Amino acid sequence: MKIRILYGTETGNAEMLAEDIEAHLAADHEVSCANLSDVAPGDLDPEPFYLVVSSTYGEGELPASAQPFAAALEAARPDLSGLRFAVFGLGDSEYEETFNEGSGKLAQLLAGYGARQFGERLTHDASGPDLPEDLALPWAEAVVALAEEMAGAPA
Ligand SMILES: Cc1cc2nc3c(=O)[nH]c(=O)nc-3n(C[C@H](O)[C@H](O)[C@H](O)COP(=O)(O)O)c2cc1C
């Protein structure tokens, strides 16, 4: 399956995780990875399955590298029906009021323009016991399997 990983980051954690996911899936899939800062709404081709990985900054805001993408999407208001995606968030429960809201905002934004979300958004807590990759690699396998299953299912 063709997979495109898009990450939004401020200090590089989401980028490292996106690259781990890319390496993990590359044995069985055609995978590419890009920073959301390098993606425009018109680049969103509906063919690949998108894995979106984003942190949260400020008070529940998108990280810096995802902000221009979100603003461009809101300005372009594209029809994203046909686009399939899943979201993994990086956050910290020390920010209890705004825990992982950045990844939630990205999911809402994409779904708001008609894209279809696969699986539950999974969130990592930097104050918790887990390493991000220990959650994200099984998550990526599960959502990709779900997308493959749905692609093969009758409409
Ligand atoms: C200044 C600052 C603000 C943050 N605000 C939030 C927040 O509102 N909610 C949250 O869940 N995490 C918040 N975080 C935690 C980051 O999302 C977390 O550290 C993440 O791993 C950073 O990933 P990145 O390096 O890809 O940006 C904040 C971190 C910093 C340093």
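Close-up 1. On the face of α4 turned away from its buried side lie the exposed residues Asp134, Pro138, Glu149 and Gly152. The model is predicted: local features need pLDDT of at least 70 and side-chain atom pairs pLDDT 80 or more, whereas totals for chains, interfaces and linings use all residues. Residues are numbered from 1 along each chain as its sequence is written. A residue is exposed if 12 or fewer other C-beta atoms, placed from the backbone, lie within 10 Å of its own, buried if 20 or more do, and partly exposed in between. Helices (H or I, at least four residues) and strands (E, at least two) are DSSP runs, numbered from the N terminus. Pro132, Ala136, Trp139, Ala140, Val143, Val144 and Ala147 are the buried residues of α4. Because they cover an arc of only 130 degrees around the axis (directions from the helix axis to the C-beta atoms), they sit on the same side of α4.

**Close-up 2. The largest nonpolar core.** This core has 39 residues, and Ile5, Ile21, Leu51, Val52, Val53, Phe85 and Ala140 have the most contacts inside it. Such a core joins buried Ala, Val, Leu, Ile, Met, Phe, Trp, Tyr and Cys residues through C-beta atoms within 7 Å. Its largest share, six residues, comes from α4.

Close-up 3. The ligand is surrounded by 21 residues (C-beta atom, placed from the backbone, within 6 Å), the closest being Thr9, Asn13, Ala14, Ser55 and Gly91. Two or more residues each come from α1 (13-25) and β4 (84-91).
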